[in-house]
Amino acid sequence: MATDDNMRVRPLKDVIRNFTPAWFAAIMGTGSISLLFHAFPYGNETQTFIIFTLIFFFLNLTLFILFCAITITRYIMFPDIWGLMIRHPAQSLFTGTFPMGACTLLSIAVSLISEKYRFGGKAFLYAMWGLWWLDVAISIICCWGMVHIMETSQKHSLQSMTAVWLLPVVTLIVASSTGGVLSSVLQEYDPGYALFTQISSVFLRLIIIGVPQGGNVLSVFLPLGPTGQAGYSIILAGQYFKEALPLRHGGSTFMNDPSTGNILYVVCICGAFILWALASMWMVFALIAVCDELRKTRIPFKVNTWGLIFPNGVYANLTIALGSTFDSPFFRIWGAIYAVFTLLLWSFVAVKTVQLVHNRSIFEAPCLQELNLTESVTDRKNCPSPQGSVCLTSTPRTI
């Protein structure tokens, strides 16, 4: 039977206090669904698919603004939480979900709203370009900053290592793919800016014990993110080089050779196919690991479950892109099937999240729970009662 404490609705202040960076994984997941509708191999140019793309885009934009507002409020109301969060060996790694979620919004804003509907013209496109550079800066800080913090301020071991460690590095890969989308649209307005953006995207992409138990087993899908997103980004780079080269100006023999664009295109497609093969292999391993864990125990549902959507979404996106490149029914059909699977997965996670948001039980910040546990133990030790009963019934202190 549920206790009164479990039935009591948590106050809004407590929800804000426990609003962790992992919530931006929902932005990544929802954004990947809008990208899948935009890239679906069958009927993606129809009005129905465009409408669904825009529905998920504006839903994602609304959630992004809301989550940013809550996050800012959190650190204004509880400034000490930032230090606790950034030192936490797991929660701090999810800071990278913020720039990655923003990239999914930028991709649709550029490829659909700007390129197809010409909304805002050159000014809107350049505004998105400026936001992309801001996203790149944040991604670089998340990547190198978090790696530095992991080395100097956190305790890690090989036994505790999970695929969540990939999150800080993946920020640069996601930014590179969005740069590939931008460069193809910028080409119409300024080929020089487009080439600089594409070269920067290529640079960003180049610098990057057993199966985890319990709920952490879901992290085994995360490697699909960097492999799938990197493969898609490489395809975009190849398509850009094929169309933009030769430059027909300047003194570079390499950049003016008629065959350079096609050679780079072939190299990029081969690289993308290799990454797709690696992602497919890891996808099989991940499914086996999850099925094995489900036979042993139930996997608890937490906000981190949103981390399932984006890796599977970008894998489906890469598969669809290869289907278009190779004109292959296999890749098209498999990409479509996996896209539908990802949509169903998003629907399940979204419905479950709404249910738990309603009773506010999903809002948990592990770094604060550990702090409260430590304070409860300290209070009990300092309690005048022999059994510590007075201290145990008191509420944990708030930062």
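**View 1. P246 in the loop between α10 and α11.** In this predicted model, P246 lies in the loop that joins α10 to α11 (253-256), where helices are DSSP runs of H or I with at least four residues, numbered from the N terminus. The peptide bond from L245 to P246 is cis, with omega near 0 degrees. Most peptide bonds are trans. Residues are numbered from 1 along each chain as its sequence is written. Because the model is predicted, local features need pLDDT of at least 70 and side-chain atom pairs count only at pLDDT 80 or more, while totals for chains, interfaces and linings use all residues, and side-chain values use heavy atoms, with hydrogens and water left out.

**View 2. Helix α10, residues 224-244.** The 21 residues of α10 reach 30 Å from the first C-alpha to the last, close to the 30 Å expected at 1.5 Å a residue, the expected span being 1.5 Å times one less than the number of residues. Of these 21 residues, 18 are buried (under 20% relative accessible area, with exposed meaning over 50% and partly exposed in between, for a 1.4 Å probe and protein chains only).

**View 3. R118 in the loop between α6 (97-114) and α7 (121-152).** Phi of R118 is near 55 degrees, a positive value in a residue other than glycine. Most residues other than glycine have a negative phi. With 42% relative accessibility, R118 counts as partly exposed.

**View 4. D327 in the loop between α13 (309-326) and α14 (329-359).** D327, also not a glycine, has a positive phi near 50 degrees. Its relative accessible area is 53%, so D327 is exposed.

How values were computed
Helix = DSSP H or I, 4+ residues; strand = E, 2+ residues; numbered from the N terminus.
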